[in-house]
Amino acid sequence: MIRVLLVSLAVMGSGLWAGRASAHATPVAYQPEATSVVAAMPSNVTIDFSERIEPAASSIMLFTPQGESTRLQVTVSPGEPRRLTAPISSTGTGTYTVSWQVVSADDGHFTNGAYGFSVGTVSDTTPLGGNARFQIRHETRYDEGSAIVVELFGQSLLVGILACLLWLMRPTPEDVRMRVAKHGRRLAFLSIGMIVVGTAFTITIGANDLRAANAFSFASAVGTYSSTSAGGAALVRGILAILLLIPFFFIGSRQKRIRTVSWTGIAVGILVMLYVRAYISHAAASSFHPLLSVFINFVHVAGKDVWIGSVAVFVGIVLPALALSKDSRLTATLLTRLSMLISVALAIGGVTGSYIVWLHLKSLHNLLATHWGMQCAVLTVFAFALLGIRMYHIFYTDAEAVAMANGVVTKPSERWISLPFTLLTESILGAAVLTISGFLIITTPPVSPPSYDVLTSASLPGTVLLTRHPLEESSLMVSLQDAKHQLIDTTSLAVSLTNTNANVGPIAVAAVERAPGEYVFPVASLSPAGVWTVNVTGQRSGEYDVVGHFTVDTASLFPAHFTHTDGGLLPVSIASALVLFFLALYLYCKSKKLNTKIDHKNQSAFGSLILLPPGPCILAVAVQVILFTYVAYMLHHHSMMTPFQRQCEQNGHLWHESVPMRDGLATSALALPGCMTGMGAGAFHFPYQNEYAYFTRPSDAAISMITDTPEPVAGKPVAWQFSVRDSAGKPVTDLSRDHDRILHIIVISQDFGVFNHVHVEDQTSVTADMKQRATFPLAYTFPRAGEYMVAVDATVRSQLIRKLFYVSVSGSTHVVTQAQPDFSRTKELHGYTIALTAPAHIRAGKPVDMAYHMERDGKPVTSLQPYLSAAMHLAVLDTTLRQFQHTHGYLLPNFPDNLLATPAEKLHGYLPDSFGPDIHVTVAFPVAGTYAVFAEFNDKGVIHPVKFLLKVE
């Protein structure tokens with residue numbers, strides 16, 4: 001009940017100003033499918049997207065198993081505008097990576113991603129080659145959002161000027177109206193300039209992204225992006241704004257005919273501009289009556305701009321005119337007419353906004369679980385604040401203005417004196433709503449996962465369900481449920497397949513447990529095509545087995561169904577629209593009644609407004625902007641969470657929107673909110689809480705090391721075998737790669753003179769047999785005699801386990817000059833100057849923030865690249881060889897990014913292709929002593945280690 005109430009308020013508030021929320025083009029289907037294994041190389045790569053695609057601005061790169069890349073020739077069929085196709089000329093078996101980048105023809109936003117498929121046999125290596133991203137990322141960028149916000153401000157002011165001068169000022173005397181028109185023309189020129197600047201920056205940003213993604217020249221990229229729907233629409237809006245300069249030159253004319261022609265041209269130009277803006281949106285890509293959705297979006301945009309723009313124009317132009325006129329009747333008339341106008345805008349915005357929220361939010365659950373939903377919730381707070389201060393004006397200040405105009409009140413109250421300030425506050429709140437709306441435009445609305453037909457088979461202790469896993473395109477899912485639809489835990493699941501017509505079977509298929517009572521097995525097991533009998537037996541210790549029998553025809557294998565909404569969002573949206581409409585009707589009648597009560601025969605001149613002086617006015621604006629920015633930041637970063645999100649972040653994992661992944665492989669094309677563990681090629685992303693909870697269950701695994709010689713000798717190779725076993729001595733078969741490697745082995749000598757960070761993959765491929773036996777080989781040669789620590793890190797699902805081994809290495813004795821310890825904070829290394837910033841006095845047990853700064857030839861190094869999915873790897877060890885840490889550096893976002901980014905977007909799992917010169921790290925030194933901090937950074941593919949010595953008190 002609480003959630004329904006919360007969402008009702010959100011829909012109502014967002015219904016006031018839901019913004020023109022657009023989405024990115026998100027893949028909905030791959031061919032070949034993600035992570036699939038095909039017998040022969042397909043002739044084409046085909047990707048179906050959620051929106052129409054711009055072929056000239058989209059591309060596909062194919063990475064071969066050898067790491068070579070080829071840019072494919074992409075096409076988009078006119079009959080299939082959402083399907084991107086590219087022919088493949090490569091041959092050979094192995095794992096291929098398809099790295100794609102597209103521009104949506106509906107909203108103009110860029111989306112990039114990658115997925116892999118295998119030809120011939122299953123490959124154990126990661127499918128991602130080159131710089132291909134391992135997931136789909138939808139970014140909210142401050143530069144793109146700021147350009148849109150600037151344009152929205154100019155657009156809203158133009159609508160406000162049109163509404164004020166054409167309707168609000170009609171009952172005013174000619175001299176007052178002409179004075180306001182004169183200032184309105186100046187403000188219109190400023191507004192047009194903002195629109196031109198905003199559209200120019202939008203085209204520039206889009207062209208620059210296109211240039212970076214496709215290696216175009218900037219001039220060519222500008223032409224290509226301008227030919228896209230979004231680029232062309234921005235160009236049209238900019239040209240229309242420039243053309244509006246002509247009629248605005250004549251709005252101060254006293255010739256009625258010229259004024260009529262001018263206002264007609266202005267109105268037509270602004271309406272076309274609003275429609276073009278509304279058309280480039282996710283509404284155009286909606287499968288639910290897109291033309292109707294675009295029109296509703298257009299009406300919503302107009303209603304919102306009428307409210308926010310009219311208040312801004314009233315504060316900036318009309319208030320000074322009223323202060324000069326000192327006419328209480330005119331003041332009361334305009335205030336009540338403004339409220340009538342805003343009430344109409346509220347009715348329009350409330351009804352259309354509720355529809356837009358229903359169209360984009362899709363589910364009550366998405367309000368708290370998705371980035372778009374949380375942005376929508378932030379917008380809700382400001383929308384209700386805006387509505388609240390307008391109701392204050394209608395019920396209090398408007399009523400007092402009428403009373404003063406009628407001579408009922410002879411002494412101004414504090415409410416009347418503060419009217420300029422409260423109107424200014426309403427205008428700033430409107431600006432805040434516009435700002436949030438601008439960034440909501442480039443935030444991806446949630447998508448709904450497909451639902452599939454479910455086959456059921458009754459069993460004595462429960463029911464067996466068979467369907468396609470909604471987020472693992474290559475898997476079928478078996479669920480075992482009791483009479484209360486609760487999952488039944490089993491010790492194991494046996495699946496056998498029989499195809500009588502093809503004389504195949506029965507075949508025993510290995511089923512993998514995803515959660516207690518839920519298992520998956522490959523769709524490819526049902527080969528060859530035909531009618532298959534699927535027998536399922538869920539074995540339980542000491543109880544009856546759960547048994548199911550199914551007949552499956554591969555010709556009609558579980559067709560997907562996409563539902564628009566669930567969880568009661570539609571009735572909530574309808575109720576919200578009705579509440580807002582009748583509230584607006586009531587406020588309109590209230591304002592209309594006040595307006596008719598004005599006694600125009602009363603000659604009282606009392607009631608003139610006292611405007612704020614420029615200094616206090618600027619200070620008030622600055623204070624409110626800072627306050628509203630802080631409130632928006634706190635709401636965005638500390639919003640309410642779902643229990644799943646709370647569990648995810650309490651476990652130290654990342655909550656964000658991405659494609660579902662297992663061990664770095666995309667299992668579905670849909671980007672959904674969920675919990676992510678691991679980094680790089682070993683990343684897992686879970687949209688379902690039950691699967692996440694099962695994956696993060698505790699482990700009793702331990703690492704052991706076997707060597708071919710008990711006494712290693714310096715200079716001679718040592719053969720190691722690292723094994724991971726549980727408490728029963730069985731191999732741990734569900735190891736995960738963390739930071740792209742199955743094991744991380746760090747070797748450090750006691751005198752800190754030797755440091756090596758090595759991996760099994762440095763010498764050989766990790767095979768399926770190694771994973772099954774949980775045993776991995778590594779050959780290592782100690783460079784000289786001495787005492788060493790060997791730290792081994794492994795990850796069991798999401799749980800990091802570590803074992804420290806101590807090795808005495810013999811060999812010829814040679815004299816080593818013992819130099820004084822070097823505690824300097826600046827090092828010269830291979831032409832680099834590396835400076836470490838850390839507190840002068842470091843206390844044990846407290847987290848310490850440090851930063852590395854890299855320069856080369858006196859210039860900052862900005863060509864740093866990720867190393868094993870991190871900005872920097874660090875090993876921290878004291879002189880006793882007992883206090884060891886393996887941690888990672890991270891990048892600090894700049895100020896605008898810090899305001900916009902979610903916590904997940906600030907972590908080192910989200911790294912640009914190049915960065916520098918600063919990398920930050922946080923370390924907690926457990927006890928006092930002398931520590932060596934070994935850091936490894938990657939500059940243009942070359943790994944550089946650097947060591948600093950620190951004293952910890």
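## Two cis peptide bonds

Let's start at Pro917, which sits in the loop between helix H20 (895–900) and strand E41 (918–924); helices (H or I, at least four residues) and strands (E, at least two) are DSSP runs numbered from the N terminus. Gly916 and Pro917 are linked by a cis peptide bond, with omega about 5°. Another cis peptide bond links Ser527 to Pro528, and here omega is about 15°. Pro528 belongs to the loop between strand E17 (518–522) and strand E18 (531–539).

A word on the model: it is predicted, so local features need pLDDT of at least 70 and side-chain atom pairs count only at pLDDT 80 or more, while totals for chains, interfaces and linings use all residues. Residues are numbered from 1 along each chain as its sequence is written, and side-chain values use heavy atoms, leaving out hydrogens and water.

## Positive phi in two loops

Phe752 is not a glycine, yet its phi is positive, about 65°. You will find Phe752 in the loop between strand E29 (743–749) and strand E30 (755–758). Phe752 is buried at 6% relative accessibility (buried means under 20% relative accessible area, with a 1.4 Å probe and protein chains only).

Ser869, also not a glycine, has a positive phi of about 65°. Ser869 is in the loop between strand E38 (864–865) and strand E39 (872–878), and it is buried, with a relative accessible area of 17%.

Ser343 is part of helix H10 (residues 328–361) and is buried, with a relative accessible area of 3%. Beyond its neighbours within four places in sequence, Ser343 is in contact (heavy atoms within 4.5 Å) with Ile394, Ala584, Leu587, Tyr588 and Ser591.

H10 packs with helix H15 (residues 569–596) at about 175°, their axes 8 Å apart; axes are lines fitted to C-alpha atoms over the stretch in contact, and angles run from 0 to 180 degrees between N-to-C directions. H10 is therefore roughly antiparallel to H15 (the term covers angles over 145 degrees). The contact of H10 with H15 has 17 nonpolar, 10 polar and two charged residues. Here Ala, Val, Leu, Ile, Met, Phe, Trp, Tyr, Cys and Pro count as nonpolar, Asp, Glu, Lys and Arg as charged, and the others, Gly among them, as polar.

## The largest cavity

The whole structure holds two cavities of 30 Å³ or more; on a 1 Å grid over the protein atoms alone, a cavity is a set of points where a 1.4 Å probe fits but cannot get out, and lining residues have an atom within 4 Å of a point. The largest cavity has about 60 Å³ of space, a volume being the space filled by probe spheres set on the points, which are joined across faces, edges and corners.

Its lining includes His469, Arg662, His685 and Tyr688. Strand E22 (661–662) and strand E25 (684–686) are the elements that give two or more residues to this lining. By class, the lining of the largest cavity has six nonpolar, three polar and three charged residues.

Terms used:
Buried means under 20% relative accessible area, exposed over 50%, partly exposed in between (1.4 Å probe, protein chains only). Angles under 35 degrees count as roughly parallel, over 145 as roughly antiparallel, 65 to 115 as roughly perpendicular and the rest as oblique. On a 1 Å grid over the protein atoms alone, a cavity is a set of points where a 1.4 Å probe fits but cannot get out, and a pocket is an open set with protein on both sides within 12 Å along at least five of seven lines; lining residues have an atom within 4 Å of a point.
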